[in-house]
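Colleague: I'd like to learn how to read aromatic rings in a protein model. Could you walk me through it?

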Amino acid sequence: MGLPFAGSRVVVFDAYGTLFDVASAAERAGDALGSRWRPLAETWRAKQLQYTWLRSLMGRHADFWQVTGDALDFSLASLGIDDPRLRRRLMELYERLDAYPEAREVLAMLRSRGLQLAILSNGAPAMLEAAARSAGLADLLHAVLSVESVGVYKPAPQVYALATGHFQVAPAEITFVSANGWDAHGASAFGFRVAWCNRAGQPAERLPGRPDAVIRSLAELPALLGG
């Protein structure tokens, strides 16, 4: 595969699904959900993303906390669950999602090489700060960038421009890492060099842009950056 990201000055990570395991909130409520935790997690994530795209198209932005709550309400209703206490618990757990096991070690390794590290996410600032702190990643990041600065969700180009603006670098000087194929394509179309962390072994998206590398774990990333 070579070194597709050699010479990068900044490594920018998507948050949800890339650094943080979005299914972990429902899984940790498995004592209340039983076998329903997995279908809840899957529907919750799918509706969460759908609502970001639809709100962007409608021009009716709401922050990711509201979108996440709305998606949870739909998901609970789809399973016939009406339990306000469980809803509150799931939303609280979403602020404390588990990081993927390799995340901290990888970020520490990249930071030790002098790379600038950031999150660029749909998440609202308070959500991202809480998740990064809870997962033990906050001290490794140079910036946490949220779409709230522009009021539209990924894959809108102005979201990716937040990273180039913050670090004052050209798009090609940024390596962008996402576990979401559509996000990887959107970032590539913007001009980033992109690693798609395809944890689930999904087929390639049929969208503009193309990831420069496909990996199955963040642990594979440092070798592709060289140094």
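Modeller: Let's go through the ring pairs, then a cluster, then charges over rings. Keep in mind that this model is predicted.

Colleague: What describes a pair of aromatic rings?

Modeller: Two things: how far apart the centres are, and the angle between the planes. In this structure the count comes to 11 aromatic pairs. Take W53 and W182: their centres are 5.2 Å apart with 90° between the planes, and that makes the pair edge-to-face.

Colleague: Where in the chain do W53 and W182 sit?

Modeller: W53 is in helix 3 (residues 37-58) and W182 in helix 9 (residues 181-190), so the pair links distant parts of the chain, 129 residues apart.

Colleague: How do Y160 and F176 pair up?

Modeller: They're edge-to-face too, at 5.8 Å centre to centre and 85° between the planes. Y160 belongs to helix 8 (residues 157-167) and F176 to strand 4 (residues 174-178), 16 residues apart. Both Y160 and F176 are buried.

Colleague: Which residues form an aromatic cluster?

Modeller: Y16, F20, W44, F64, Y94 and Y153 make up one cluster.

Colleague: And which charges lie over the face of a ring?

Modeller: K47 lies over the face of F74, 4.3 Å from the ring centre. R199 lies over the face of Y100, at 3.5 Å from that ring's centre.

Key. Residues numbered from 1 in each chain as written. Predicted model: local features only at pLDDT ≥ 70, side-chain atom pairs only at ≥ 80, totals over all residues. Heavy atoms only, no water. Phe/Tyr/Trp six-rings, centres within 6.5 Å; stacked < 30°, edge-to-face > 60°. Helix = DSSP H or I, 4+ residues; strand = E, 2+ residues; numbered from the N terminus. Buried < 20%, exposed > 50% of the residue type's maximum accessible area, 1.4 Å probe, protein only. Lys NZ or Arg CZ within 6 Å of the ring centre and 35° of its normal.
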